[in-house]
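I opened a new model today and kept notes as I went. The entries are in the order in which I looked things up.

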Amino acid sequence: MLKENFYAAKSMMKILGLGYQKINMCPYFCMLYYLENAEMTECLTCGHSRYKRRTDRGKTLVTYKKLRYFPITPRMQRLFMSPRTAEHMTWHQAHHVVDGVMVHPSNGEAWKRFNSVHPHFSAKSRNVRLGLCTDRFNPFGSFAALYSCWPVMLTVYNLPPGMCMSRSSCFYLLSYPV
């Protein structure tokens with residue numbers, strides 16, 4: 001279930017053992033300071049400093065922006081570890097389709113086209129199909145608020161309609177403050 005604020009979501013994730021990874025990023029969204037760029041102090045594209053200048057805190061380095069990455073592998077493993085959800089993970093292949101009625105993405109033309117283009121993937125019912133969702137995404141507009149959090153979520157389409165379209169089956173992939 002999606003929580004009302006970031007602190008509540010963070011607390012819930014900690015209890016479940018599903019942590020996240022903080023990745024520093026350029027304040028203008030040019031690059032991530034990750035892997036081979038983890039030790040850099042300036043953006044490769046715009047040259048902006050990674051850290052804010054601080055005079056009141058001594059040598060503490062504070063980054064301009066942080067991305068929070070929620071690794072997908074442990075979340076996928078949890079879906080198959082729970083007997084309650086594991087039995088539903090193959091529903092998309094076993095359900096009966098009623099012609100002309102779309103109750104699930106698996107009834108759509110895009111799903112059928114994907115199955116015909118990728119027969120090896122679609123032959124195994126336990127292969128996971130995901131939908132990418134976001135909230136508060138406005139790439140061309142101006143922002144009224146000085147701070148917001150843009151969650152990027154994944155929806156598991158293997159599950160039945162009542163489960164895959166519910167808040168409890170969506171989980172965060174990443175989130176970063178703007």
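**Entry 1. Whole chain.** I noted at the outset that this is a predicted model. I looked up the secondary structure and found seven helices and eight strands in the protein chain. The chain has 178 residues, of which 34% count as buried. For the accessible surface I have about 12100 Å², with 57% of it belonging to carbon and sulfur atoms. I then took the contacts with a separation of 6 or more; residues 24 or more positions apart account for 52% of them.

**Entry 2. Strand E1.** Which strands does E1 pair with, and in what direction do they run? I found five bridges joining E1 to E5, and the two run antiparallel. In this pairing Met25 has Lys65 of E5 as its bridge partner. E1 is also joined to strand E2 (residues 32-33) by two bridges, again antiparallel. There, Asn24 stands opposite Tyr33 in E2. I logged E1 and E2 as a hairpin with six residues between them. Phe29, in the turn, has a positive phi of about 65°.

**Entry 3. Aromatic pairs.** How many aromatic pairs are there? I count two aromatic pairs. One is Tyr20 with Phe70, at 5.5 Å centre to centre and 55° between the planes, which makes the pair tilted. I checked where the two residues sit: Tyr20 is in the loop between helix H1 (6-16) and strand E1 (21-25), and Phe70 is in the loop between strand E5 (65-69) and helix H2 (72-81). The pair therefore ties together parts that are 50 residues apart in sequence. I recorded Tyr20 as partly exposed, with a relative accessible area of 24%, and Phe70 as buried, at 5%.

Phe114 and Phe121 form an edge-to-face pair, with 5.6 Å centre to centre and 90° between the planes. Phe114 counts as partly exposed at 34% relative accessibility. Phe121 is also partly exposed, with a value of 28%.

**Entry 4. Cysteines.** I searched for disulfides and found zero. From Cys30, the nearest cysteine sulfur is that of Cys46, 3.9 Å away. A disulfide needs the two sulfur atoms within 2.5 Å, so I list Cys30 as being in no disulfide. Cys30 is partly exposed, with a relative accessible area of 33%. For Cys43 the nearest cysteine sulfur is again that of Cys46, at 3.7 Å, and Cys43 is in no disulfide. I have Cys43 as buried, with a relative accessible area of 5%.

**Entry 5. Asn158.** Asn158 lies in the loop between strand E7 (149-156) and helix H7 (161-164). What does the side chain of Asn158 reach? I traced the side chain to the backbone oxygen of Met89, at 3.1 Å. I then listed the contacts of Asn158, leaving aside neighbours within four places in sequence. They are His88, Met89, Trp91, His92, Ser125, Arg126, Asn127, Val128 and Arg129.

Technical notes
Residues are numbered from 1 along each chain as its sequence is written. This is a predicted model: local features need pLDDT of at least 70, side-chain atom pairs count only at pLDDT 80 or more; totals for chains, interfaces and linings use all residues. Side-chain values use heavy atoms; hydrogens and water are left out. Rings of Phe, Tyr and Trp (its six-membered ring) pair if their centres lie within 6.5 Å; planes under 30 degrees apart count as stacked, over 60 as edge-to-face and the rest as tilted. Helices (H or I, at least four residues) and strands (E, at least two) are DSSP runs, numbered from the N terminus. Buried means under 20% relative accessible area, exposed over 50%, partly exposed in between (1.4 Å probe, protein chains only). A polar contact is a pair of N or O atoms within 3.5 Å; within protein, one must be able to donate a hydrogen and the other to accept it, and residues adjacent in sequence count only if both atoms are side-chain atoms. Contact means heavy atoms within 4.5 Å. Accessible areas come from the Shrake-Rupley method with a 1.4 Å probe; for residues, only the protein chains shown count as cover. Two strands pair if DSSP finds at least two bridges between them.
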